Amino acid sequence: MPMPEHYFELQMLLDRYARLIDEDRLEEWVELFTPEGRYEIISRENLAQGFALPLMLCENRNQIADRVMSLRKANIYNIHTDRHLISQLHVEALPDGWRIGANYALFQTNQEGVSSLYSVGRYDDEVRELDGQLLFVCKRVIVDTGAIPSLLATPI
Amino acid sequence: MNPQDYQWPKADCTRIPYGMYRDPDVYRLEQEKIFQGPVWNYLALEAEIPNIGDFRTIEVGDIPVIVNRARDGKVHAFVNRCAHRGATVQRLIHGNAKAHVCCYHHWGYNLEGNLVGVPFARGIEGRGGLPEDFDKSAHCLRKMRVESFNGVLFGTFAETLEPLEEFLDTTFVNQLKRLFNRPIKILGYQRQRIHGNWKLYTDNLRDPNHGGLLHMFQVTFGIARLNQTGGAKVDKKARHNMSWAAQDMGKNHSDAEYSTPRENNNLTLKDGSLLLYRKEFPDDYNLTIASIFPNCIFQQIGNTLAVRQIRTKSVDEFEIFWTFYGYQDDDRSMDQHRLRMSNLVGPGGLVSMEDGEAIEIVHRAIAADEDKHAFVEFGGRGPVGDQDNLVTEAPMRGFWMHYCELMGITPGDAAHANA
């Protein structure tokens with residue numbers, strides 16, 4: 001049974017998750033996952049039809065780190081800043097951690113200061129405490145905005 | 001303005017007026033001359049609609065289309081717009097239906113697109129209703145002619161057009177036989193909205209030269225080595241293009257294989273499993289991108305197999321609709337492998353995300369100069385044939401020469417040659 005302090009700690013984890021992306025501190029963002037941590041972005045359209053095809057899939061923290069390294073060293077993408085809004089935290093106790101859900105909206109702003117709603121959807125995560133720190137064992141981003149505007153480079 | 005009024009200084013389309021990508025009049029004419037013209041448009045895969053009544057709603061150019069399997073077991077395609085007042089008849093993007101009934105006034109159509117039901121056609125108690133001479137058979141949904149090749153569905157609005165296999169020509173018939181050599185299963189869909197003209201994407205697909213320059217993941221992490229063999233094949237009219245590369249990606253785990261001659265790019269992935277190619281065809285091609293004029297692409301990038309359908313939204317926007325598939329006899333491990341490798345492609349693809357950006361920066365930058373021209377001479381000038389290397393964009397010109405033919409443009413003609 002989650003207690004108020006659990007909500008608080010889990011909310012802090014999500015806040016940190018969003019801040020590290022929004023501040024482009026992606027190398028630190030990687031460290032929010034356990035070594036086996038899985039990161040997946042999938043459209044609601046596919047989930048609803050029972051299809052497993054993701055938009056992005058990292059099966060462990062090394063693959064998440066590779067994504068970030070690729071963004072830094074190899075990929076060309078739209079120059080932008082991200083801004084996350086996260087709300088409606090939902091917490092369920094698991095034997096060894098927490099399953100949490102939350103809604104998100106992600107806005108992107110270009111260099112000329114034009115902002116647009118880039119993606120809206122829901123997080124469906126599993127969180128565990130490791131060495132005194134709450135980390136994602138699994139983070140699944142279920143995007144309502146399955147029609148990806150322009151391209152998908154930085155994490156949601 | 002009229003596309004013929006732009007200046008086309010070169011008969012071989014080595015110059016393309018930017019207005020072709022920006023002018024709403026050009027876009028309107030394309031809808032008629034290209035998408036409703038003498039072409040076979042990709043519609044869907046039979047595996048998506050295996051049962052009687054299964055349907056998907058798609059688009060051919062701007063035209064909404066229902067593709068479904070009728071009681072005769074055959075696939076029929078017809079315009080998803082009520083013959084009464086123009087409402088969308090089937091509002092779902094997929095499902096199973098006994099008939100398609102418009103929600104507005106309940107006109108009902110069978111799975112062949114014929115009008116079968118009109119409520120209150122005779123009015124109520126002799127009052128109201130339609131005139132006596134109303135004839136249901138004159139109000140069916142506009143039908144497309146459909147052909148299936150190895151489970152791939154194509155349709156056309158054209159009255160007269162060469163048979164599908166002739167339209168595709170040998171290279172592309174063989175490619176479809178290769179990719180659809182046994183029953184497939186759908187893995188899912190991806191959608192990408194690009195804020196640019198759709199032909200900037202068909203150009204991109206016929207320009208293998210950008211691969212190793214724009215898409216740096218391949219070079220940085222050793223997917224595309226500079227010594228790889230590759231090229232492009234075209235059909236008899238050079239309107240379709242298949243870019244191909246052959247190499248063994250499965251051997252790229254030693255440092256020597258990962259590294260490239262490029263400066264500072266001696267990087268290794270912490271987990272290279274998404275690069276492991278499992279050979280699954282009798283030949284050595286591990287990359288084939290077959291672009292069929294006008295609206296579709298059959299891709300094999302490693303073990304990711306997908307069809308991309310280009311759906312035009314306006315002169316300034318299009319959607320890429322990706323249908324990923326594997327084979328029915330794939331085991332669980334192969335399913336997972338294909339999903340893992342899908343990271344390489346699509347809107348978030350490690351080797352493909354740049355295309356969205358490249359198209360948008362062109363589309364934005366050319367807005368003010370519709371009368372200026374793109375310069376297209378990589379791979380040389382003159383007629384377009386097969387290309388024996390990747391440093392070419394000549395297949396782009398093949399697309400444009402056929403495009404001009406359908407649009408009634410004579411490039412290089414004195415009337416619009418003085419650019």
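From the N terminus on, chain A runs α-α-β-α-β-α-β-β-β-β-β, which gives four helices and seven strands. Helices here are DSSP runs of H or I with at least four residues, strands are runs of E with at least two, and both are numbered from the N terminus. You are looking at a predicted model, in which local features need pLDDT of at least 70 and side-chain atom pairs count only at pLDDT 80 or more, while totals for chains, interfaces and linings use all residues. Residues are numbered from 1 along each chain as its sequence is written, and chains are lettered from A and ligands numbered from 1 in the order in which they are written.

Let us start with the overall build of chain A. Its C-alpha trace spans about 45 × 35 × 30 Å along the principal axes. The radius of gyration of chain A is 15 Å, which agrees with the value near 15 Å for a compact globule of 156 residues; the radius is taken over C-alpha atoms, and the globule rule is 2.2 Å times the number of residues to the power 0.38. Buried residues make up 35% of the chain, where buried means that 20 or more other C-beta atoms, placed from the backbone, lie within 10 Å of the residue's own. Among contacts in chain A with a separation of 6 or more, 59% join residues 24 or more positions apart. A contact means that two C-beta atoms, placed from the backbone, lie within 7 Å.

Now to the sheet. Six strands of chain A form an open sheet with mixed pairing, in the order β2-β1-β6-β5-β4-β3. Strands β2 and β3 (81-94) of chain A are at the edges with a single partner strand each, so one side of each has no neighbour in the sheet. From one strand to the next, the twist averages 20°.

Helix α1 (residues 4-22) of chain A lies across β3, β4 (97-109), β5 (115-130) and β6 (133-143) of chain A, at about 155° to β3(A). Helix α4(A) packs on the sheet as well, touching β1 and β2 of chain A, and its direction makes about 65° with that of β1(A). These angles run from 0 to 180 degrees between N-to-C directions, with axes fitted as lines to C-alpha atoms, for helices over the stretch in contact.

Three strand pairs, one of them between the chains, are set side by side here; strands pair if DSSP finds at least two bridges between them.

| Strands | Sense | Bridges | Residues opposite each other |
|---|---|---|---|
| β1(A), β2(A) | antiparallel | three | A:Y39 and A:C58 |
| β7(A), β12(B) | parallel | three | A:A147 and B:R191 |
| β13(B), β14(B) | antiparallel | six | B:G231 and B:W244 |

The hairpin of β13(B) and β14(B) has six residues between the strands, and B:A238 there takes a positive phi near 60°.

At the interface, 30 residues of chain A are in contact with 34 residues of chain B. On the chain A side, α3 (44-48), β2 (56-58), α4 (61-73) and β7 (147-149) each supply at least two residues. The most come from α4(A), which gives six. By class, this side of chain A has 17 nonpolar, nine polar and four charged residues. Nonpolar covers Ala, Val, Leu, Ile, Met, Phe, Trp, Tyr, Cys and Pro, charged covers Asp, Glu, Lys and Arg, and the others, Gly among them, count as polar.

A word on confidence: the model scores ipTM 0.96 and pTM 0.95. Chain B averages a pLDDT of 92, and 93% of its residues score at least 70; pLDDT is the predictor's confidence in each residue, from 0 to 100. Over residues 249-263 of chain B, pLDDT stays under 50, and the model has 27 contacts beyond four places in sequence for this stretch.

Key: A residue is buried if 20 or more other C-beta atoms lie within 10 Å of its own, exposed if 12 or fewer, and partly exposed in between; C-beta atoms are placed from the backbone.
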